[in-house]
Amino acid sequence: MKIIVALDSFKGSCTATQACAAVKRGMVNFCADAQVIELPIADGGEGLIEALWPSLSAQGYRLQAITVTGPYLQPTTCNLLLKDEHCIIEMAQCSGLTLQAPEKRRAREATTFGLGQAVKYALNLGCRRFSIGLGGSATNDGGAGFVQALGCKFFSADGTPITRPLCGGDLINLGRIDASSLCPKLQECTFIGTCDVSNPLLGANGATAIFGPQKGLVDNDLELLEQGMKNYATLLGDVGREYVDKPGAGAAGGMGFALSWACQAQLKSGIDEVLNLVHIDDMLPGTNLVIVGEGRMDSQSCQGKAPVGVARRAKKFDLPVVALCGALADDARAVYSCGIDAMFSICPRPMPLEQSMADSEHLLQQAAENIVRLFALGRA
């Protein structure tokens with residue numbers, strides 16, 4: 001029996017790698033000779049590098065740790081995945097929300113400068129193809145810090161050059177932008193930004209209004225940063241007008257906008273890009289069962305989340321797909337229309353959330369053994 005185990009992380013409980021390993025342990029407890037392929041995945045945002053590393057290391061990718069400027073100017077370590085001219089970067093490692101305690105988050109002061117430094121480092125290594133995971137950012141600077149690190153020059157309203165890393169609160173005071181000094185190597189590159197939102201840069205559905213509150217922005221900040229974003233886009237002239245309403249421009253505090261105008265990036269579904277990178281379509285033929293999962297399953301799982309992304313690929317080969325999760329919302333049955341055939345919570349009895357999170361790997365192992373027993377019974 002060949003089983004593919006392709007789980008996302010159970011946030012706060014276990015990584016995608018740990019989740020897949022736990023499911024495999026449960027399955028081989030019952031069926032020791034099963035061919036269980038562990039395929040940790042992510043939807044393109046936080047956890048991207050850790051999820052991809054087991055698969056891509058086998059393809060010849062290497063891991064390179066570098067130090068960049070974090071979202072609040074602190075030295076931060078990020079890991080790049082490199083092979084030939086290709087570089088994979090996880091924005092959350094450079095400019096991520098989890099790099100600051102929740103009570104200290106203040107997106108008005110956060111910058112994407114470190115992400116630009118990571119790209120510049122890879123450019124100098126000779127990389128010319130970039131895949132950048134955009135989820136989990138702490139920032140709301142429209143990617144201004146990012147392009148600044150790559151050579152773009154910014155000036156205040158009185159004409160003074162701004163030399164420190166730009167943050168979201170600076171945008172309202174900008175007077176001029178000189179994009180002619182952007183690193184010329186960018187013109188030789190192709191960029192893909194992975195994102196699972198279609199928000200524009202501005203407005204009620206834009207970066208600031210929708211994602212700002214979770215990054216520490218309060219009412220007064222929201223208005224200030226929205227006006228700053230408008231000023232930033234206006235100063236870019238035709239370029240700003242061309243990309244401000246692009247679906248995904250508002251991703252990661254406006255990084256989708258910066259990647260689009262400065263790097264001519266394509267913005268793609270995160271899970272589809274991840275599945276292409278790990279070559280899942282080459283693994284699916286001959287498979288008997290596919291196991292997917294994440295911490296919580298609800299109707300939003302249909303909107304570009306990892307389990308549904310895997311399920312849709314599996315259905316191209318008419319394969320059965322079972323999902324495991326920590327919690328099932330009342331509207332979770334929506335995923336049945338997206339390729340998932342059955343889903344189960346890993347919690348076997350009522351228990352405190354803290355306990356279920358602490359015991360997630362053991363619970364995954366138990367649930368996986370029950371699923372493979374049931375599947376074997378059905379085949380018999």
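Modeller: On a 1 Å grid over the protein atoms alone, a pocket is an open set of points with protein on both sides within 12 Å along at least five of seven lines, whereas a cavity is a set where a 1.4 Å probe fits but cannot get out; lining residues have an atom within 4 Å of a point. The model is predicted, and local features need pLDDT of at least 70, side-chain atom pairs count only at pLDDT 80 or more, and totals for chains, interfaces and linings use all residues. Residues are numbered from 1 along each chain, and side-chain values use heavy atoms, without hydrogens or water.

Biologist: What volume does the largest pocket have?

Modeller: About 1200 Å³, taken as the space filled by probe spheres set on the grid points, which are joined across faces, edges and corners.

Biologist: Which residues lie nearest its centre?

Modeller: Asp8, Lys11, Asp43, Glu294 and Lys305, out of 42 lining residues.

Biologist: How many cavities of 30 Å³ or more are there?

Modeller: The search of the whole structure finds 1. The largest cavity holds about 40 Å³ of space, and its lining includes Gly44, Leu48, Ile88, Thr194 and Glu273.

Biologist: Changing topic, at what angle do the axes of H1 and H14 cross?

Modeller: The axes of helix H1 (residues 16-30) and helix H14 (residues 360-379) cross at roughly 45° and come within 7 Å. Helices are DSSP runs (H or I, at least four residues), and axes are lines fitted to C-alpha atoms over the stretch in contact, with angles from 0 to 180 degrees between N-to-C directions.

Biologist: Which residues of H1 meet H14?

Modeller: Among them are Gln18, Ala22, Arg25 and Phe30; the H14 side includes Leu364, Ala368 and Val372, contact being heavy atoms within 4.5 Å.

Technical notes. Helices (H or I, at least four residues) and strands (E, at least two) are DSSP runs, numbered from the N terminus.
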